[in-house]
Amino acid sequence: MKITVINGPNINMLGKRETNYYGDKTLEQINSMISELAAVIGVKVEFFQSNSEGEIIDRIHSTDSDGILINPAAYSHTSIAIRDAISSVSKPAVEVHISNIFVREEFRHHSYVAPACIGQISGFGAGSYLLGLRALVEHIKEKKG
């Protein structure tokens, strides 16, 4: 089984930006944590990060993975196009956020992407990715029977 991990805008700045919300782990450290868990649970992962909505959409369209773990970042709250891309590929996706988007600014409380996903996890720091990966893998295994 293979999972594509997609990160949206400004996630490349983790560890440097707004550490009160996002913690001090860098994207590279989070990817390493994901890779370690993936090895333990027996799945392959590939990583993609872009600050460009179009590049994210193109990556979703071209995935040959069994599922998508996505942190669309600010695009969660603005991008119907990313929502439509996830819907168009018929692959299960889990939306994750490092911070709890529901205790932040009002505009962050709505996600256009979440309805196209099987679930959303937020507020557990870098651990949101690990929880999301476990949930996604279990979902795929259940569907395969």
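How many bridges join strand β1 to β2? In this predicted model, strand β1, which spans residues 2–7, is joined to β2 by 6 bridges, and the two strands run parallel. Within this pair, N7 stands opposite Q49 in β2.

The pair belongs to an open sheet of 5 strands, arranged in the order β2-β1-β3-β4-β5 with parallel pairing. Strands of a sheet pair through backbone hydrogen bonds, in either a parallel or an antiparallel manner. At the edges lie β2 (44–49) and β5 (119–122), each of which pairs on one side only. On average, neighbouring strands of the sheet are turned by 20 degrees against each other, direction ignored. Helix α5, formed by residues 127–144, lies across β1, β2, β3 (67–71), β4 (93–97) and β5. Helix α5 runs at about 160 degrees to β3.

Two packed helices are described by the angle between their axes and the distance between the axes. Helix α3 (residues 53–62) packs with helix α4 (residues 80–89) at an angle of about 5 degrees, and their axes are 9 Å apart. Because angles under 35 degrees count as roughly parallel, α3 and α4 are roughly parallel to each other. On the α3 side, E53, I56, I57, I60 and H61 take part in the contact, meeting A81, I82, A85, I86, S88 and V89 in α4. The residues of this contact divide into 8 nonpolar, 2 polar and 1 charged.

The largest pocket holds about 170 Å³ of space. Its lining consists of 15 residues, and R17, Y22, A73, A74 and R108 lie nearest the centre of the pocket. By type, the lining of the largest pocket divides into 7 nonpolar, 5 polar and 3 charged residues.

Technical notes:
Residues are numbered from 1 along each chain as its sequence is written. This is a predicted model: local features need pLDDT of at least 70, side-chain atom pairs count only at pLDDT 80 or more; totals for chains, interfaces and linings use all residues. Side-chain values use heavy atoms; hydrogens and water are left out. Two strands pair if DSSP finds at least two bridges between them. Helices (H or I, at least four residues) and strands (E, at least two) are DSSP runs, numbered from the N terminus. Axes are lines fitted to C-alpha atoms, for helices over the stretch in contact, and angles run from 0 to 180 degrees between N-to-C directions. Contact means heavy atoms within 4.5 Å. On a 1 Å grid over the protein atoms alone, a cavity is a set of points where a 1.4 Å probe fits but cannot get out, and a pocket is an open set with protein on both sides within 12 Å along at least five of seven lines; lining residues have an atom within 4 Å of a point. Grid points are joined across faces, edges and corners, and a volume is the space filled by probe spheres set on the points. Ala, Val, Leu, Ile, Met, Phe, Trp, Tyr, Cys and Pro count as nonpolar, Asp, Glu, Lys and Arg as charged, and the others, Gly among them, as polar. Angles under 35 degrees count as roughly parallel, over 145 as roughly antiparallel, 65 to 115 as roughly perpendicular and the rest as oblique.
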